[in-house]
Amino acid sequence: MARYTGPLTKKSRRYGVDLVGGDKAFERRPYAPGQHGRTRVKESEYRTQLQEKQKARYTYGVLEKQFRKYYELASRRPGKTGDNLLSLLESRLDNVVYRAGLARTRRHARQLVTHGHFLVNGVKTNIPSFQVSKHDIIDVKAKSLETTPFIVARETHDADTVPGWLDVSPDRGRILVHQRPVREQITVPIQEQLIVEFYSKI
């Protein structure tokens with residue numbers, strides 16, 4: 001699956017939010033890039049909605065075509081479309097690995113997944129967009145447990161940052177999925193209603 005490979009710090013500065021997580025470069029210059037980065041930009045409803053959609057796309061590392069499919073799937077499910085959309089994005093395997101604290105960033109988590117370090121319910125899974133479900137068990141492969149990324153993850157793991165819908169055993173490299181995430185458990189700074197409004201107009 002194609003993905004955005006450009007500089008994320010520049011996108012963080014464009015949308016005014018840290019899309020990477022702990023991005024020191026963004027913290028130093030939290031204004032838009034370019035020579036006119038500090039000038040005031042005329043706001044409009046469309047621009048605000050578009051920016052929110054782009055912010056969500058870059059946060060989760062999804063290209064437009066795939067993001068649109070997530071929206072269409074979310075709109076067909078019962079409940080609020082915006083909540084369903086965020087739940088689908090949060091349930092991506094690469095995001096789950098990141099949320100569990102086994103990777104520094106979502107990009108790092110995506111790389112670990114594509115390199116085949118994980119089993120989902122005992123089956124090797126190397127697709128970052130794979131949708132995890134309630135009661136799924138995600139394991140780091142036995143051979144991978146003693147590689148540098150997972151040794152570092154064990155030593156630096158912070159249980160307080162793991163969301164309530166996951167249970168993580170860093171020493172075993174195991175993630176248990178208790179449930180699909182609900183809106184209250186999703187902490188990304190995204191106003192999903194603006195995304196719904198954006199797609200409802202096109």
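Modeller: In the sheet, Asp139 stands opposite Arg174 in strand 5. This is a predicted model, in which local features need pLDDT of at least 70 and side-chain atom pairs count only at pLDDT 80 or more, while totals for chains, interfaces and linings use all residues. Residues are numbered from 1 along each chain as its sequence is written, and side-chain values use heavy atoms, with hydrogens and water left out.

Biologist: What makes strand 3 and strand 5 a pair?

Modeller: Two strands pair if DSSP finds at least two bridges between them. Strand 3 and strand 5 are joined by three bridges and run antiparallel. Strands themselves are DSSP runs of E with at least two residues, and helices are runs of H or I with at least four, numbered from the N terminus.

Biologist: How many bridges join strand 1 to strand 3, and how many pair strand 4 with strand 5?

Modeller: Strand 1 (residues 118-120) and strand 3 (residues 137-140) share three bridges in antiparallel fashion; there, Phe118 has Val140 of strand 3 as its bridge partner. Strand 4 and strand 5 (residues 174-177) are antiparallel over four bridges, with Leu166 partnered by Val177 of strand 5.

Biologist: Why are strand 2 and strand 4 called edge strands?

Modeller: The open sheet has five strands in the order 2-1-3-5-4. Strand 2 (123-124) and strand 4 (166-169) each pair on one side only.

Biologist: Why are helix 5 and helix 9 called roughly perpendicular?

Modeller: Helix 5 (residues 81-90) and helix 9 (residues 192-200) pack at about 110°, with axes 8 Å apart. Angles of 65 to 115 degrees count as roughly perpendicular, against under 35 for roughly parallel, over 145 for roughly antiparallel and oblique for the rest; helix 5 and helix 9 are therefore roughly perpendicular. The contact (heavy atoms within 4.5 Å) involves Thr81, Gly82, Asp83, Leu85 and Leu86 of helix 5 and Glu192, Ile195 and Val196 of helix 9.

Biologist: Which residues lie nearest the centre of the largest pocket?

Modeller: Gly101, Leu102, Ala103, Arg104 and Thr156 do, among 15 lining residues. A pocket is an open set of points on a 1 Å grid where a 1.4 Å probe fits, with protein on both sides within 12 Å along at least five of seven lines; lining residues have an atom within 4 Å of a point. Helix 8 gives the most to this lining, with five residues.

How values were computed. Axes are lines fitted to C-alpha atoms, for helices over the stretch in contact, and angles run from 0 to 180 degrees between N-to-C directions.
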